[in-house]
Each structure stands twice: as structure tokens, then as C-alpha cells.
Amino acid sequence: MEIALIGNPNTGKTTLFNSLTNSYATVGNWTGVTVEKKMGQLKNATAKLIDLPGVYSLTPITRDEEVVTRYLLESDPDLILNVTNASQLKRNLLLTLEVRELGAPMILNLNMIDDLKRQGNAFDLATLSDQLGCPVMATNARNQDGIKELNAALRQKPHQVSPLQLDYPPMVKEAIRQASQALVADYGYDQNEARWIAIQYINKNRFIRRYATFQNLTPLLSMLSYYDAQHFDDQIFNTRLEFIERVLGAAQQNVSGHTPREFSNRIDRIITNPVLGLPIFCLIFLLIFKISFDWVGTPVSDLLDGFISGPFSTTVNHWLASAGALPILRSLVVNGLIAGVGGVLVFIPQIVALFACISILEDSGYMARAALVTDRLMQLIGLNGKSFIPLIIGFGCNVTGIMAARTIEQPKERLVTTLISPFMSCSARLPIYGLVVAAFFPRHQAVIVLSIYLLGIIVALAVAKGYQLFFKTTDSSVFIVELPEYHLPRFDVIWHSTWDKSKGFIHKAGTVIFAGTVLIWLMSYLGPHGYTTDPANSFAALLGQWLLPLMRPIGITHWQIIAALFTGILAKEVITSSMIVMFHAANQSVLIGALGTFMNPVAAYALLAFILLYAPCFATLGTIKQETGSTKWMLWSLALSLMIGYGVALVIYLGGNITAWLIS
């Protein structure tokens, strides 16, 4: 049995999916979190639940919306679960009507029923069910209210229902009848499917129109100009809207003793204020970095580093010596794997703290406001707040941020957003940030890291402005975002979200970082004459010394750092482990002390800027190629990042040293 989960964005659809399947997927309060369908198994049943992207209608504008229309056209789900926001039912039912006209078995779910009650409203579910011709159930997925009842209903054999027949104007009705009859007679379509295709085609569904052209559906193609000249799409929309108003008018009830809550509105007057919005955004992220680096993350990280580099490393070395392991093998395990991989794992507390804070912002409803307050800024560079959403997602991983750009309607805006996403500081860079700020800026770690994040945003906006001038775009698409009610974050949601974001980093530690550490160990202990204990004679030294004249102007004067940066193209997390191996440091503390003797704070900050900007990792480059469909754009992104990274680092290093000289 296959159940399709469909609904508008911000209806709690993904949260409901997690509750029904006892699994976890990304949960957020902004449009475009789910960019591809997700699959899970219904609890205590063999039914398969498919979570389709959130869409406002079946007329696709973006790629993720095409997924839904294509699925309904090409698949035959046993049941459709249509999830709606109970407090925004008038808008949500527009999609419901389109799905009901298909005639597939469906259950209408009124989710977020608690928000509706807080507004002092309620709906008679029996009236809604009678008017819409399908079962209607109410839930509050966040608090698990109604989930058991909905799960039980989904496990039952679906009842066949007739397609919803709206009373369209006579000319529209006749056009639908003639087209559907021709599709049935000439092409063998099922009556319900033929009628649905006809309605969608007349309603200017671009995907269905491309489908009709590909299938050469002459009855539709021959009438295209007539349908459009008569503005049948406007008549269809008006008919649906009138039907929804009648249904809601009949089903709406007033709950005595309740009054609409103004809590969210009062907060939004401050949070989304045109003047205060951006400063508040910056202060919130400063607080996040204070928690992640100064107050929680770094102290726990220091304790973990002491354990890995102390008792754990010593014990493993003792075991290997007792087992008679060769010195080269002991060096690989202790100085390579434990020092390298362990040197990255010690930053997990900072990463977990950061992701936990971001998850709190998502679950509370702030992230949608963050996109809103940045919309005016994004308009200056030819984009809008919707483009800022993938950039925010890029703070976790540039790959998922680029994939989230699929939700942007305009091709040029989508391309620009994709190309500037690598400038967002992903979580993979956090370990090297933590290392450098601990060495050079121990009293101002949060401020320095925040400044690097802001630098990435500034560079991304500047590059986007350049693309706007290059593409000669004069306007951008309209940004519409639904601001959800503020919610008190739930511990289980925060925990699952934090774990889901963090486990990818831990997985990399066991795969990419492990492999990268072994590679770096081999490069630093092997040279043209074989195994060497002198790192100056290693392959890594040869590579670093060859690039040293190029890197010296930006303050990088040691080949070990250059060799480590080279491996960062594989994955940014490897830079930290590479440095530990290159400098033959036993732990993070030793490396911090070593770095302090090799460069000054100005050079250290230039290094941070270079690491932020210099090159996307392999996974990000592959995603750019996949999303743009062009190797040229991928190579351009790599070349531009290298040029910008070098240029910004050069300006910082020269400017900082000149300023220090003038002050002294």
C-alpha cells in the first residue's frame, strides 16, 4: 500500500511524516525544506508513506513543485493524505480541490489544530467531510494529538471516492467535457484521469501542457488558443474560491471563551522591523557563537581533547607496543589516525552546540522571519528572501543549501544562488576555525567566528551583485513567505534535528577524514627516497614548498599549512587533521602552541578568510555540476573562489599589517 503525503509548505507535513513513520527528516518553518520526496514505513504496518515536496498548487513553478504534479500523473497511490494548516484552511484548500478532482482516495488532515483553537475558531469536521467528499481528521503533530487515530485510519483499506465535481461556468464545463471525452475515446485514458488532465491543461498547468505536447494530445493542443483567449483559468480559480468560502462558511464554528492570540504579532513588530530586524539577526547569531565557542563548546572540547590525546592515545600506543607492532604502524595509528581523526572529533561539542541552537531557531519559527528581514537586502542584488533560505541552509552544508535553491522560480536567480552558496561557511569549516581562534583570539572566539560568517555573506552578496550586472537583470521575482506561529521548541524535535545534522559530520570522520588522514600521513612520512622521519624530505614538504612563493604574500609562510589546505578541497574537515599530522602534534593543544610561533594574528585572520573562500569541496563542486547541468559553471565556481579567496586574504594581510605599523 502506498500513501502519498501532500500539502502546502509550513503545514507541519514533515513533522507529521516523522510521527507516522517513527523516523526523522529535516524539519523547518520555511518554504522549500523538502525538495525531494522522502519515503518511510507507516508504524505497525507495511504501508509505504511518501512525503512529497510542499506546494501551494499543482501548477508547477519550481522543480520541487513539478515532482508533485509528475507523481500524481504517473503514479497511482492507494491513498492521498492531504495535510493542511487548520488556521490557514482557506488558502490550503485550493490545493485540496485540485487533488480531489483527480478522484483518488484521500483523507484531509487538519494539522496545527491548536493554532486554530488559539484563534478562537473551530470547524465541524462532519460538514467538511460531507462537502469535500472525503474523510476529515484533525491533528497537532507537534504534540502527537490525533496521531494514533490518523495512523489507524491510514492502515485501513481506502474507500473509493468519486472525483469532486465543481460547478464551473457553462463554457468551462463544456470545454472540460469535450476534452475529457476525446482523451478517453482516442487515447484510452481513464475517465477520471482524462477529466483531471483536461482541467489542469485548461488551467495553464505548464507541466501538463508540456506533457500534452510530448504525448501529442491533439484534442487539447488544438484548443489551446481558445482556452487562453476565454481566460478559463481565471474562471476556474474564481469557482474554486467561491466553493471554498461556502464550505468554510458552513463548517466554521466559534469557540466560546477563546480569543485570537496576538503574541506572534507583537514579537514580529520588533523581530521583523525594517530597522531592527538585521541587527537583531546579527545579535542572535552572536549569542549562538558565544554558546558554541565560549560558554559550552570549547570547554567540553578541551576535556574531550585531553582524553583522546592523553589516556586513550597512551593506552593504544601501549597495546601496540605490547603486541610487537612495527614502529611505522604505531606511528600511523597513534600519530596519524588518533591524532588526526581525534583532532577533528574533539570539535564535535562545538558543532553540536551550533546545530542545537539553529534547530531551536527553526522549531520556534524564527528562520522564516530571518528570510523576511533579509528580503530588502537581497532585492538590492537582484534576488529576494527566498534566495537567502538556501544560504542559511548552507551554514550546515553547502551541498544541501545548493539543492534547496531548486525552490527558486527564476532560472537566473536559481543559478546565482547556486553559485554564491559555497561562500557560506558550512559546519565542516568549524574545526579549523576553532583551532585558529583558540590559538590567536582566545578571548574573542565568538566575535571572530561571527565576523567570518558575516564575511562569507558579504562576499556572497557582492558576487551576486556582479552576476546581476553581468546577466543584466533589472528585477526579481516576488517573495512570499508564510510566517508560522511562534512555538516553544520541543526537546525531542531539537534532539532529533541536532543529531540528524551532526551525524553527517561523525560519518565523515569515519570515512572521508579517515582516508584523508591516512593520505596526509603517507605524504608527510614518505618521500622520494622512501620512508623518512624528517618531514622536510616528504612529498608533503615538496608540494608545500613548491606553492610557498605564491602563498607567502597572504601570510602563509610554512609548507605544512599549504599542504593541509590542499587536502581541504577533498573535505574541509580534513584541514584540521592534516595540520595535526603535518606538524607532528600529539594533540590540539600542542598544535595551537605551534601555530602561535608561525604567524601573527593578522596572518591568522587572513588564513581564516582564505579557508572560508578559497575552494568548494569535491561534494559541493559535484552538486553545482548536477544542479546547473554544466561543467563550465562548476569550473568557474572553483576558479572564482580561488581568486576571491586569495584576493580577500591578501587585502586583510596587507591592510592589517599596514594598520598595525601605523598604530605602532
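The charged end of Arg369 is placed over the ring of Tyr486, 4.0 Å from the ring centre; a charge sits over a ring if NZ of Lys or CZ of Arg is within 6 Å of the ring centre and within 35 degrees of the ring normal. The structure is a predicted model, in which local features need pLDDT of at least 70, side-chain atom pairs count only at pLDDT 80 or more, and totals for chains, interfaces and linings use all residues. Residues are numbered from 1 along each chain as its sequence is written, and side-chain values use heavy atoms, with hydrogens and water left out.

The charged end of Lys572 likewise sits over the ring of Tyr614, at 5.1 Å from its centre. Tyr614 also forms a stacked aromatic pair with Phe610, with 4.9 Å from centre to centre and 15 degrees between the planes. Rings of Phe, Tyr and Trp (its six-membered ring) pair if their centres lie within 6.5 Å, and planes under 30 degrees apart count as stacked, over 60 as edge-to-face and the rest as tilted. Both Phe610 and Tyr614 are buried, where buried means under 20% relative accessible area, exposed over 50% and partly exposed in between (1.4 Å probe, protein chains only).

In total, the structure holds 16 aromatic pairs. The rings of Phe307 and Phe312 have centres 6.2 Å apart and planes at 35 degrees, so this pair is tilted. Phe307 is partly exposed at 47% relative accessibility, and Phe312 is partly exposed at 38%. Ring pairs also link Phe281, Phe285, Phe289, Phe388, Phe395, Tyr433 and Tyr453 into a cluster.

Salt bridges, defined by a side-chain nitrogen of Lys or Arg within 4 Å of a carboxyl oxygen of Asp or Glu, number 14. In one of these, the closest N and O atoms of Asp51 and Lys13 are 2.7 Å apart. Asp51 belongs to strand β3 (residues 48-51) and Lys13 to helix α1 (residues 13-21), so the bridge ties together parts that are 38 residues apart in sequence. Helices (H or I, at least four residues) and strands (E, at least two) are DSSP runs, numbered from the N terminus. Asp51 is buried, at a relative accessible area of 0%, and Lys13 is buried at 5%.

A salt bridge between Glu66 and Arg210 has its closest N and O atoms 2.6 Å apart. Glu66 lies in helix α2 (residues 63-74) and Arg210 in helix α9 (residues 206-215), so parts 144 residues apart in sequence are tied together. Glu66 is partly exposed, with a relative accessible area of 24%, and Arg210 is partly exposed at 44%. Within helix α7 (residues 170-187), Arg177 and Glu174 are three residues apart, a separation of about one helical turn; their salt bridge has its closest N and O atoms at 2.4 Å. Arg177 is partly exposed at 36% relative accessibility, as is Glu174 at 31%. Salt bridges with shared partners join Glu98, Glu101 and Arg240 into one network.

Glu98 is among the buried residues of helix α3, which also include Asn92, Thr96 and Arg100. Ten of the twelve residues of α3 are buried, so this helix is largely enclosed by the rest of the structure. Helix α3 (residues 89-100) reaches 15 Å from its first C-alpha to its last, close to the 16 Å expected at 1.5 Å a residue; the expected span is 1.5 Å times one less than the number of residues.
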